[in-house]
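Subject: Structure for you to look at

Hello,

Here is the structure I said I would pass on. Please open it alongside this message; my notes on what was found follow below.

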Amino acid sequence: MPKESFTLEEATRKLEGYCAYQERCHQEVVTKLQGMGMIPLAIDTIVSHLIKENYLNEERFAKSFARGKFNIKKWGKKRIVAELKVRDISKYNIQSALNEIDDNQYLKTFEALAKKRLELIKDKDIQKKKKKLADYLLYRGWEPNLVYDKVNELIS
């Protein structure tokens, strides 16, 4: 049980700040409210208030998430989709988030990431080198067809 208890107004203000600080998905907000010891009726009331006042918007969250993970962490689309699904984001919003990523920029980023990682792999054995590069790129969520084509192109 949490030590503090919150009134509906206090919890609402606290969550407005939580959502204003950075984009949040519905699941994060509900989890936060549950952690604050709020009852289901209060959670529903606060979540609908946050949506109505535009503090909470799943499409905006998904777009921001996709842009951030691609631009900063250099994740591929498969990883971004998987992470959005874990957060219960709808297919429509996932698709709309993927549209935020420019195809040309996507391929340039992939190319640069693959070359940069290859320079860091010191293995002499060609097969081990290929496996390490492929594993790294696949873990980052890049599509297998892109990964294997690039690995074969860079290591021969």
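Helix 4 passes helix 6 in a right-handed crossing. This is in a predicted model, so please read everything below as computed from that model. Helix 4 covers residues 58-71 and helix 6 covers residues 91-98; their axes come within 8 Å and cross at roughly 40 degrees. An angle counts as roughly parallel under 35 degrees, and helix 4 and helix 6 are therefore oblique to each other.

Which residues of helix 4 and helix 6 meet? On the helix 4 side they are Glu58, Glu59, Ala62, Lys63 and Ala66, and on the helix 6 side Tyr92, Asn93, Ser96 and Ala97. Sorted by class, this contact has 4 nonpolar, 2 polar and 3 charged residues.

UniProt, in an unreviewed entry, lists residues 57-98 as "domain: RecX second three-helical". In the model that stretch is 76% helix and 0% strand. Its end C-alpha atoms are 16 Å apart.

Next, helix 7 and helix 8. Helix 7 runs over residues 103-120 and helix 8 over residues 126-139. Their axes come within 10 Å and cross at roughly 135 degrees. Roughly antiparallel would need an angle over 145 degrees, so helix 7 and helix 8 are oblique to each other. Their crossing is right-handed. From helix 7, the residues in the contact are Phe110, Leu113, Ala114, Arg117 and Leu118; they meet Lys129, Leu133, Tyr136 and Leu137 of helix 8. The contact of helix 7 with helix 8 divides into 7 nonpolar and 2 charged residues, with no polar ones.

A second UniProt feature, also from an unreviewed entry, is "domain: RecX third three-helical", placed at residues 106-148. Residues 106-148 are 79% helix and 0% strand in the model, and the end C-alpha atoms lie 16 Å apart.

Helix 2 (residues 26-35) and helix 3 (residues 40-52) also pack together, at an angle of about 140 degrees and with their axes 10 Å apart. That makes helix 2 oblique to helix 3. The crossing of helix 2 and helix 3 is right-handed. Helix 2 contributes His26, Val29, Val30, Leu33 and Gln34 to the contact, and helix 3 contributes Ile43, Ile46, Val47, Leu50 and Ile51. By class, the contact of helix 2 with helix 3 has 8 nonpolar and 2 polar residues, and no charged residues.

Last, the salt bridges. Side chains of opposite charge can pair when their charged atoms come close. How many salt bridges does the structure hold? There are 12.

Regards

Technical notes:
Residues are numbered from 1 along each chain as its sequence is written. This is a predicted model: local features need pLDDT of at least 70, side-chain atom pairs count only at pLDDT 80 or more; totals for chains, interfaces and linings use all residues. Side-chain values use heavy atoms; hydrogens and water are left out. Axes are lines fitted to C-alpha atoms, for helices over the stretch in contact, and angles run from 0 to 180 degrees between N-to-C directions. Helices (H or I, at least four residues) and strands (E, at least two) are DSSP runs, numbered from the N terminus. Angles under 35 degrees count as roughly parallel, over 145 as roughly antiparallel, 65 to 115 as roughly perpendicular and the rest as oblique. A crossing is left-handed if the near helix is turned anticlockwise from the far one by less than a right angle, and right-handed if clockwise. Contact means heavy atoms within 4.5 Å. Ala, Val, Leu, Ile, Met, Phe, Trp, Tyr, Cys and Pro count as nonpolar, Asp, Glu, Lys and Arg as charged, and the others, Gly among them, as polar. UniProt positions are given in the numbering used here, feature names are shortened, and annotations may be inferred rather than shown by experiment. A salt bridge is a side-chain nitrogen of Lys or Arg within 4 Å of a carboxyl oxygen of Asp or Glu.
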